[in-house]
Amino acid sequence: MLTIKNLEASIEGKQILKGLNLEIKPGEVHAIMGPNGSGKSTLASVLAGREDYEVTGGSVTFNDQDLLEMPAEERAREGLFLAFQYPVEIPGVSNMNFLKAAVGEIRKHKGLEPLSAKDFLKLVKEKSALVELDGQLANRAVNEGFSGGEKKRNEIFQMAMLEPSLAILDETDSGLDIDALRIVSEGVNALRSPERSFVVITHYQRLLDYIVPDFVHVLYKGKIVKSGTKELALELEERGYDWIKEETAQAGA
Amino acid sequence: MTSDDIIDEITNREYEFGFTTNIESDKAPAGLNEDIIRLISAKKNEPEWLLQWRLEAFAIWQKMTEPNWAHVSYVKPDFQAISYYAAPKKKAKLNSLDELDPELRKTMDKLGISLEEQKRLHGVAVDFVMDSVSVATSFKEKLGELGIIFCSMSEAIQEHPDLVKKYLGTVVPRTDNFYAALNSAVFTDGSFCYIPKGVKCPMELSTYFRINEGGTGQFERTLVVADEESYVSYLEGCTAPQRDENQLHAAVVELISMRDAEIKYSTVQNWYPGDKEGKGGVFNFVTKRGLCDGDRSKISWTQVETGSAITWKYPSCILKGDHSVGEFYSVAVTNNMQQADTGTKMLHIGRNTKSTIISKGISAGNSQNSYRGLVHINKSAQNARNFSQCDSLLMSDTCGAHTFPYIEIKNKTAKVEHEATTSKIGEDQIFYCLQRGLDEEQAISMIVNGYAKEVLNKLPMEFAVEAQKLLAISLEGSVG
């Protein structure tokens, strides 16, 4: 599904990713953890095609295509979804119109007929229930005046509507209380399938109690320095990152 | 796409409505003097009082100098190089639209305003003005049954001289300003509308203006009178063909709303803005003013301005009647080298008068976009209320947005609120849209239309759709 090889990327001349490797197969859930500033959000942005970042080396293959060659909207249409750490407000644009346009573009790309208004509404009803999103939120302007928790739930709702093959969750758990965390996680779990893969970026093991990953990777100084299963997350929770930093320093020395 | 590509693309875009209709014109020689005014008046078979009115206006105009206070710069028009009268030669009265000159029909089709469609789909009566003379007026009979008069100004002068004489120049006097004086001297046509007491006009009244003859000044005169307890919604929309020389447009619009009457006046304006260097394009120097004469009267201006090289326009309300209400909703888009200085004046005279101003400026390219507004609360205006919101959206690093709010309060009971924001279109917003599968043009269209939604919502349905498209076309790929 996704193969990242020796990926290097920088922003404003500062190198953030320094040779990152990752292989994700269909249906897998990969958690990416790591201390602040290790490059987690940069990885998400680079994969989604944000232009502020410059890729200086390596390759990314997504469903047998060169991901880095595609403009951002093309990546989205090909099935790559990013749940934003800070969802953006678009005043005056209703969530519904926004999603209708997005769903329309993605269906067009797949060669599907546009959904009828009736089918679209049915889909909205079904998917918004997944994250217990109030019907009213769907009619409000995109993320405008939403609470932190509502914004994150809205991201998962959008993901459910757009049915991506690869979803990247960038610190979706940040700023969530325990109930919202449960709702968001249940929403994500409902969308897990043998065809759909997830990259879950998080600081905290807590999220991984709900969304149980197949693999856990530690990103440090722009590289994946340790990989394991969900037990690795528990170990990190207990011991922090210092021992990883030491190991890495020793390996480097 | 890099921002350079995008700038290239937008600046190389041709004006979509830049075409010319080949209709023979009956045109006056260039220049302005008393003889020309006499010629105009004679051509239009006007009564003596109107000729005298025009000549007095001309005398007033000659003593005036062009105003310089607006935040715009341009080469002043040569008033002696303009022809002040042009009329399509075929002037026979039409019984149906089928009798219309095929060339004219083609023009209307290109503009997407075929009269049949307007009639069928929207129930809109269209008074189509081309080069100063109305060529088709529809729905007249239906309106006639209600006693509503909706016709060209020329026709009103012939058929309803008493009404015209009573109201013409009462809201915008000839002495008001340089361009109003000029218009009063040389106006050739326009629209006239009278809604009798107690009548709610059942359809949107619509006039499409169009400048066609190269080098012809266009001086429209519009007068809308809503008698007591009546209601009318009036639409005005414009597009003009591409020209190399600047075309001067100095219209005057006067609205009079009597006791318990309401006038809703909506404009979508898309005149040729000039090329990317700012060459050519229409000069739009308009005086628009409404008088809320009676108690509980209301006047609401809504405008979407995307065209013209220079716009100089302040639709205003004189709130004379107690409890009268004035509203101004505006979206002004400037791109390339366009300059707009637009806003409103709300003059509170009556007690418990209320006004609302919502202005949304959008600047792109190297354009300059200014909001200029006055809220004046007179001593007599007990408990007056005003709310103003002036937002500016910047699409590039090379454009300018300016706000000049003037507030004059002479009565302590007044409550005046003013809010202003300036923001740059967010790359975060665009990226968010891209990440959901929308392309950049869709993203900008969506963001801009969302930004302007409060104003677009005030437009009648058929205009709102047109306006949304216009915003998208005017700003496609203009983020820099």
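Mentor: Start with pairing: two strands pair if DSSP finds at least two bridges between them. Helices (H or I, at least four residues) and strands (E, at least two) are DSSP runs, numbered from the N terminus. In chain A, 6 strands make an open sheet with mixed pairing, in the order E6-E9-E10-E3-E11-E12.

Trainee: What stands at the edges of this sheet?

Mentor: E6 and strand E12 (223-228) of chain A; each has a single partner strand, so one side of each is left without a neighbour in the sheet. On average, neighbouring strands of this sheet are turned by 20° against each other, direction ignored. Axes here are lines fitted to C-alpha atoms, for helices over the stretch in contact, and angles run from 0 to 180 degrees between N-to-C directions.

Before we go on, note that this is a predicted model: local features need pLDDT of at least 70, side-chain atom pairs count only at pLDDT 80 or more, and totals for chains, interfaces and linings use all residues. Residues are numbered from 1 along each chain as its sequence is written, chains are lettered from A and ligands numbered from 1 in the order in which they are written, and side-chain values use heavy atoms, with hydrogens and water left out.

Trainee: How many bridges join E11(A) to E12(A)?

Mentor: There are 5, between strand E11 (residues 215-220) and E12 of chain A, and the two run antiparallel. Within this pair, Val218(A) is placed opposite Lys226(A) of E12(A). Contact means heavy atoms within 4.5 Å. Helix H9 (residues 230-239) of chain A lies across strand E3 (29-33), E11 and E12 of chain A, at about 45° to E11(A).

Trainee: How do I read a salt bridge inside a helix?

Mentor: Side chains of opposite charge can pair when their charged atoms come close. The rule asks for a side-chain nitrogen of Lys or Arg within 4 Å of a carboxyl oxygen of Asp or Glu. Arg239(A) and Glu235(A) meet it, their closest N and O atoms being 2.8 Å apart. They are 4 residues apart in helix H9 of chain A, which means a separation of about one helical turn. Over all chains, the search of the whole structure finds 33 salt bridges.

Trainee: Which strands form the antiparallel open sheet of chain A?

Mentor: That sheet has 4 strands in the order E2-E1-E4-E5. Strand E2 (14-24) and strand E5 (65-66) of chain A are its edge strands, each pairing on one side only. Strand E1 (residues 2-11) of chain A is joined to E2(A) by 8 bridges. Glu8(A) has Lys18(A) as its bridge partner in E2(A), and Ala9(A) is opposite Leu17(A). Helix H1 (residues 40-48) of chain A packs on this sheet, touching E1, E2 and strand E4 (53-62) of chain A, and its direction makes about 105° with that of E1(A). In the hairpin of E1(A) and E2(A), with 2 residues between the strands, Glu12(A) takes a positive phi near 45°.

Trainee: How many residues does each chain bring to the contact between chain A and chain B?

Mentor: Chain A brings 31 residues and chain B 19 residues. Buried area is the accessible area (1.4 Å probe) that two parts lose on being put together, summed over both. Here it is about 2000 Å², 62% of it on carbon and sulfur atoms. The two chains share 2 salt bridges, including the one between Arg50(A) and Asp428(B), with the closest N and O atoms 2.4 Å apart.
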